[in-house]
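Please keep the sequence and the 3D view side by side as you read.

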Amino acid sequence: MLAAIGVSYSAQAAAEKVFTAKQGGVFYLTVVAEGNPASVQGRFHDRLVPFFKTGRAGEYGALVGIDMADDPAAVDLKAAITYPDGRQERIYRVVVQAEEFRVQSMTLPKEQVEPDAAALKRINLEKEKVQTVLAGFTPERLWSTGFLVPVEGTATGAFGSKRILNGQPRNQHSGEDISAPLGAPVKAANDGIVRMVDDQFFSGVSVILDHGLGLFTMYFHLDTATVKHGARVNRGDVIGTVGQSGRATGPHLHWAAWLNGSRVNPFALAKLPLDR
Ligand SMILES: [Zn+2]
């Protein structure tokens, strides 16, 4: 068995398959592994690509995220299949294509664009809190079917947009804004665990859901959050209502997704055919 693994390992010099994805995109990758590996785990850039058993014989699947700021270039994704007595590596080539992000100029009240010292202190603590949540890792997949769009409304195409606030260039916008009426129900995009319910300076009333294996979805500017920290939610459960809390110019849902260190377009996630 070990000899066979060794042979196939050394024979895997060229990429097995080529994937094309845009900045902020997500794709679904499957590998078939013989026998009963102890683990199947990938690396893309310096990011973890955790695989899960799909339920089909010998098949493992993973969601792979392209960060919205990843360079448009061909990058190898390496998947390691580890057995008690050996290891195989499969190499996949990922061709990242540039997405055309919009430039959005907005005028906002000065204190929202240039916060004072007290507000800055609060903002930094809130940022740390979010980073701590997103650094958490639940080692099991909590979802089993595709992701849904959490609110009925109009996506504004704001994902990845380069923002100019009161004439000052700011960070790329890492979520999609869906305009919807105040009070409209916001649903969980998929099964998961509530990892944060907070009221933050920029994002207002915010909920973060953990879907396992390093995937999180975020719901910002809510009017109300109707879930508690630590609660289990099912796909489609109402977790809050649309609002304009925090820095927002009108009622909308800021919906974002974080996949093992990459900021991906949540609509790309929702488009994946995952009902398997
Ligand atoms: Zn937004």
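Thr 30 stands opposite Gly 61, a residue of strand 6. Strands here are DSSP runs of E of at least two residues, numbered from the N terminus. The partner strands are strand 2 and strand 6 (residues 59-65), which pair in the antiparallel sense over seven bridges; pairing requires that DSSP finds at least two bridges between two strands. Strand 2 (residues 26-32) is mostly covered, with five of its seven residues buried, that is, under 20% relative accessible area with a 1.4 Å probe and protein chains only.

Bear in mind that this is a predicted model, where local features need pLDDT of at least 70 and side-chain atom pairs count only at pLDDT 80 or more, while totals for chains, interfaces and linings use all residues. Residues are numbered from 1 along each chain as its sequence is written, and side-chain values use heavy atoms, leaving out hydrogens and water.

Now turn to the zinc ion. Its protein donors are His 173 (NE2), Asp 177 (OD) and His 254 (ND1), lying 2.1 Å from it; donors are N, O and S atoms within 2.8 Å of the metal (3.2 Å for Na, K and Ca), and sites may look incomplete because water is not among the atoms. Along the chain, these donors follow the spacing H-x3-D-x76-H. His 173 lies in the loop between strand 12 (168-172) and strand 13 (176-179) and His 254 in strand 20 (residues 252-259), so the pair ties together parts that are 81 residues apart in sequence. His 173 counts as buried at 9% relative accessibility, and His 254 counts as buried at 7%.

Key: Buried means under 20% relative accessible area, exposed over 50%, partly exposed in between (1.4 Å probe, protein chains only). Helices (H or I, at least four residues) and strands (E, at least two) are DSSP runs, numbered from the N terminus.
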